[in-house]
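Here is a short report for someone meeting this structure for the first time. Please look over the sequence and the model before reading on.

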Amino acid sequence: MSDATLHATTQDPDSFAVQIADQVESFIVAVTEVAKGDEPDSAVPFLLLEVSQLLLAGGRLGAHEDIVPDEAYEPDLGPEADVDELRERFARLLEPIDVYSEVFDPYEPRKAPVPCRISDDLADVVTDLRHGLAHYRAGRISEALWWWQFSYFSNWGSTASAALRALQSLVAHVRLDQPLPELDGLDTDEDLAEGALEEEAGRVMAEELAGPLGLHDLK
């Protein structure tokens with residue numbers, strides 16, 4: 001299905017499916033543009049905005065009754081589009097602040113935080129969203145909505161929420177003039193000891209975020 005068919009006049013522009021598809025497509029286009037690195041100084045606040053808007057779509061999917069696809073088995077979409085280039089672009093763009101700590105399940109007692117990467121999160125979210133969008137563009141509307149809802153609960157909702165907390169934390173520390181000390185050596189290949197939760201962000205936020213946000217330098 002072409003982009004023109006995607007928003008054909010036969011589809012109500014106010015329908016739930018069209019609105020969700022619009023938000024999904026808008027997010028994919030926007031973060032792909034950010035990953036090009038043309039405006040690196042504004043990448044973090046822009047990603048904060050885009051992930052926040054995507055999670056509005058996720059909330060609507062989560063609050064919606066269970067969506068049942070028309071077909072009992074998911075049609076084969078062929079090989080998934082490669083997101084390695086997108087992941088690597090974000091890793092380079094966000095390198096000083098890419099790694100952050102996250103607790104996967106806040107309701108599981110004494111769960112130790114683990115290191116994650118914003119670049120991995122964004123690539124994983126885009127993978128899930130593209131999968132549903134392929135169904136949507138092929139005219140399988142219920143299949144697309146089912147996939148977006150299912151994967152919201154099983155993966156991209158929690159992944160995007162974790163990335164949002166990291167992005168919001170970075171911007172908040174700039175706004176509140178609360179730089180974080182750099183975390184020496186934190187990587188996703190190692191476990192976090194309890195208490196070692198500072199992101200590698202203080203110096204980077206001062207140099208790369210405060211200026212674009214129109215804020216004074218952090219000391």
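Thr159 touches Asp121 and Val125, leaving aside neighbours within four places in sequence; contact here means heavy atoms within 4.5 Å. Thr159 lies in helix α6. Helices (H or I, at least four residues) and strands (E, at least two) are DSSP runs, numbered from the N terminus. Thr159 is buried, because its relative accessible area is 12%. Buried means under 20% relative accessible area, exposed over 50%, and partly exposed in between, with a 1.4 Å probe and protein chains only.

This is a predicted model: local features need pLDDT of at least 70, side-chain atom pairs count only at pLDDT 80 or more, and totals for chains, interfaces and linings use all residues. Residues are numbered from 1 along each chain as its sequence is written, and side-chain values use heavy atoms, with hydrogens and water left out.

**The whole chain**

The protein chain has 7 helices and 2 strands. Their order from the N terminus is α-α-α-α-β-β-α-α-α. Of the 219 residues, 43% are buried. Among contacts between residues at least 6 apart in sequence, 72% join residues at least 24 apart. The chain exposes about 11800 Å², and carbon and sulfur atoms supply 51% of that area. Accessible areas come from the Shrake-Rupley method with a 1.4 Å probe; for residues, only the protein chains shown count as cover.

His131 is found in helix α5. Gly132 is found there too, in the helix of residues 118-137. Is Gly132 buried or exposed? Gly132 counts as buried because its relative accessibility is 0%. His131 is also buried, with a relative accessible area of 10%.

Not counting residues up to four places away in sequence, His131 touches Glu74, Leu77, Glu80 and Trp147. With its own neighbours within four places set aside, Gly132 is in contact with Ala144, Trp147 and Trp148. The table gives one pair for each residue.

| Pair | Apart in sequence | C-alpha to C-alpha |
|---|---|---|
| Gly132 and Trp147 | 15 residues | 5.6 Å |
| His131 and Glu80 | 51 residues | 7.4 Å |

Helix α2 covers residues 16-35. Its 20 residues should span 28 Å at 1.5 Å a residue, and its end C-alpha atoms are 29 Å apart, which agrees. The expected span is 1.5 Å times one less than the number of residues. The buried residues of α2 include Ala17, Val18, Glu25, Phe27 and Ile28. Just after α2, Gly37 takes a positive phi of about 80°.

Helix α3 has 21 residues. From first C-alpha to last, α3 reaches 30 Å, close to the 30 Å expected at 1.5 Å a residue. Among the buried residues of α3 are Val44, Leu47, Glu50, Val51 and Gly58.

**Where α3 meets α6**

Two packed helices are described by the angle between their axes and the distance between the axes. The axes of α3 (residues 43-63) and α6 (residues 141-175) come within 8 Å and cross at roughly 145°. Axes are lines fitted to C-alpha atoms, for helices over the stretch in contact, and angles run from 0 to 180 degrees between N-to-C directions. The crossing of α3 past α6 is left-handed: the near helix is turned anticlockwise from the far one by less than a right angle. The residues of this contact divide into 18 nonpolar, 8 polar and no charged. Ala, Val, Leu, Ile, Met, Phe, Trp, Tyr, Cys and Pro count as nonpolar, Asp, Glu, Lys and Arg as charged, and the others, Gly among them, as polar.
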